[in-house]
Amino acid sequence: MLPLAHTPAWIVASVLLIVAVLYVSLAPLNVPVQLPTHFDKIEHAAAYVLLAVWFTGLVARRRYWRVVVALVAFGLPIEFLQATMPL
């Protein structure tokens, strides 16, 4: 992690961001309007772009590959869980 002012606050914010993405990805959300086909793919892309920007801002450039690996390791199980959920 880069030497940041208020490092504990950055860590807490990072954990909250991950928890929020996990919750929104897996919680059954009742949306009263019909969304366009494959709209969830746009939502996923936006969420992971946000996570990528956030975490690459916290680590040195030479460790960006770790951010990519971590986001893939975080995202793939979520995709499998979504596929198995009866929603």
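**View 1. Leu22 sits in helix 1.** Helices here (H or I, at least four residues) and strands (E, at least two) are DSSP runs, numbered from the N terminus. Leu22 counts as partly exposed because its relative accessible area is 35%; buried means under 20% relative accessible area, exposed over 50%, and partly exposed in between (1.4 Å probe, protein chains only). Leave out residues up to four places away in sequence, and Leu22 touches Phe74 and Ile78, where a contact means heavy atoms within 4.5 Å. Leu71 is 49 residues from Leu22 along the chain, and their C-alpha atoms are separated by 12 Å. Keep in mind that this is a predicted model, where local features need pLDDT of at least 70, side-chain atom pairs count only at pLDDT 80 or more, and totals for chains, interfaces and linings use all residues. Residues are numbered from 1 along each chain as its sequence is written, and side-chain values use heavy atoms, with hydrogens and water left out.

**View 2. The whole protein has three helices and zero strands.** Read along the sequence, that gives the pattern α-α-α. The C-alpha trace spans about 45 × 25 × 20 Å along its principal axes. Of the 87 residues, 18% count as buried. The protein exposes about 6600 Å², with carbon and sulfur atoms supplying 74% of it; accessible areas come from the Shrake-Rupley method with a 1.4 Å probe, and for residues only the protein chains shown count as cover. Take the contacts with a separation of 6 or more: residues 24 or more positions apart account for 73% of them.

**View 3. Helix 1 (residues 7-26) has a buried side and an exposed face.** Ser14, Leu17, Val21 and Ser25 are the buried ones in helix 1. They cover an arc of only 60 degrees around the axis, which puts them on the same side of helix 1; the arc is that of the directions from the helix axis to the C-beta atoms. Turned away from that buried side is a face with the exposed residues Pro8, Leu16 and Tyr23. Helix 2 (39-56) and helix 3 are included in what covers the buried residues of helix 1. As for length, the 20 residues of helix 1 should span 28 Å at 1.5 Å a residue, and the end C-alpha atoms are 29 Å apart, which agrees. The expected span is 1.5 Å times one less than the number of residues in the helix.

**View 4. Ser14 is a buried residue of helix 1.** Ser14 counts as buried because its relative accessibility is 7%. Set aside the neighbours within four places in sequence, and Ser14 is in contact with Trp54, Phe55 and Leu58.

**View 5. His6 has a positive phi, in the segment before helix 1.** The phi of His6 is near 60 degrees, and His6 is not a glycine. For background, most residues other than glycine have a negative phi. His6 counts as exposed because its relative accessible area is 64%.

**View 6. Helix 2 buries His44, Tyr48, Leu51 and Phe55.** Look down the axis of helix 2 and these buried residues fall within an arc of 55 degrees, so they line one face of the helix. Ile42, Val49 and Val53 are exposed on the other side. Helix 1 and helix 3 are included in what covers the buried residues of helix 2. With 18 residues at 1.5 Å each, helix 2 should span 26 Å; its end C-alpha atoms are 26 Å apart, which agrees.

**View 7. Helix 3 buries Val67, Leu71, Phe74, Gly75 and Ile78.** Seen down the axis of helix 3, these residues fall within an arc of 90 degrees, so they line one face of the helix. They pack against helix 1 and helix 2. Exposed on the other side are Trp65, Val68, Ala73, Phe80, Ala83 and Thr84. Helix 3 has 21 residues and reaches 31 Å from its first C-alpha to its last, close to the 30 Å expected at 1.5 Å a residue.

**View 8. Val68, Val72, Leu76 and Phe80 form a nonpolar surface patch.** Together they have about 400 Å² of accessible area. Patches take residues with over 30% relative accessible area and no salt bridge, joining like charges within 9 Å and nonpolar side chains (Val, Leu, Ile, Met, Phe, Trp, Tyr) within 5 Å. A salt bridge is a side-chain nitrogen of Lys or Arg within 4 Å of a carboxyl oxygen of Asp or Glu. Leu76 belongs to helix 3 (residues 64-84), and Leu76 counts as partly exposed because its relative accessibility is 45%.
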